[in-house]
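Please have the sequence and the coordinates open, and try each task before you read on.

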Amino acid sequence: MLQCTAFSELPEMGARVALMGLADGPGQASEAPELDEFLLCELGEHDDGTEHAAQLWSASAPAGRDLWMFWTDADGRRTFRFTELLPCPAVIHRLSVKEGDACVLYDRHPAAHSWDVTDPLADLMAERIREEVRRDRDGGGELGAQA
């Protein structure tokens with residue numbers, strides 16, 4: 001399943017207020033993480049009735065709750081909300097029973113788990129980086145040619 005392509009400008013003041021209100025959050029404003037200016041929906045493709053979602057903060061293991069921003073676009077207006085949610089408990093085991101990949105979305109998220117969501121642009125960028133590294137390592141790139 002392809003990743004949803006919706007994005008939103010982050011309402012920074014709302015995000016900072018939500019972060020400061022977390023029980024196990026960053027605490028002081030000076031400890032707050034650097035926030036991206038825009039957020040991309042992390043869910044797989046979904047219908048118009050489902051809110052878009054992006055994770056802002058991942059809590060420490062004992063707290064176990066993450067801060068998410070949800071938004072919708074209706075009637076030409078964007079509405080957003082912030083909420084703390086437990087992480088999805090799903091884990092996929094591929095070749096090992098002991099090690100697995102955890103879903104990085106929130107508990108009871110709609111549609112597919114994160115390991116079933118693909119982002120073609122990120123995949124393309126990763127492949128280009130791998131090609132550049134191979135070329136540099138084999139002496140075919142600018143860095144390799146100069147060495």
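Before we start, one definition: a residue is buried under 20% relative accessible area, exposed over 50%, and partly exposed in between (1.4 Å probe, protein chains only). This is a predicted model, in which local features need pLDDT of at least 70 and side-chain atom pairs count only at pLDDT 80 or more, while totals for chains, interfaces and linings use all residues. Residues are numbered from 1 along each chain as its sequence is written, and side-chain values use heavy atoms, with hydrogens and water left out.

**Exercise 1. List the secondary structure elements of the protein chain in order.**

Solution. Start with the rule: helices (H or I, at least four residues) and strands (E, at least two) are DSSP runs, numbered from the N terminus. Read from the N terminus, the order is β-α-β-β-β-β-β-β-α-α. As for burial, 29% of the 147 residues count as buried.

**Exercise 2. Find the largest nonpolar core and the elements that supply it.**

Solution. Begin with buried Ala, Val, Leu, Ile, Met, Phe, Trp, Tyr and Cys residues, and join them through side-chain atoms within 4.5 Å; such a set is a nonpolar core. The largest one has 26 residues, and L10, L56, L67, M69 and F82 have the most contacts inside it. Next, sort by element: α1 (12-20), β3 (52-58) and β4 (66-74) each supply at least two residues. The most comes from β4, with five residues.

Now take F82 and look for contacts (heavy atoms within 4.5 Å). Leaving aside neighbours within four places in sequence, F82 touches L10, P11, G14, A15, A18, L56, L67, W68 and M69.

Is L19 buried or exposed? L19 is buried, because its relative accessible area is 0%. Between L19 and E84 there are 9.8 Å in space, C-alpha to C-alpha, although the two are 65 residues apart in sequence.

**Exercise 3. Describe how β4 and β5 pair.**

Solution. Two strands pair if DSSP finds at least two bridges between them. For β4 and β5 (residues 77-85) there are nine bridges, in the antiparallel sense. At one of the facing positions, A74 lies opposite R77 of β5. The hairpin has two residues between its strands, and there D75 has a positive phi near 55 degrees.

**Exercise 4. Locate salt bridges and judge how exposed their partners are.**

Solution. Side chains of opposite charge can pair when their charged atoms come close. The test here is a side-chain nitrogen of Lys or Arg within 4 Å of a carboxyl oxygen of Asp or Glu. That gives six salt bridges, including these:

- D73 and R78 meet at 2.7 Å, N to O. D73 is partly exposed, because its relative accessibility is 46%; R78 is also partly exposed, at 38%.
- D138 and R137 meet at 4.0 Å, N to O, and both residues are exposed.
- E127 and R134 meet at 3.9 Å, N to O. E127 is partly exposed at 28%, and R134 is partly exposed at 35%.

To finish, follow the shared partners: salt bridges join E127, R130 and R134 into one network.
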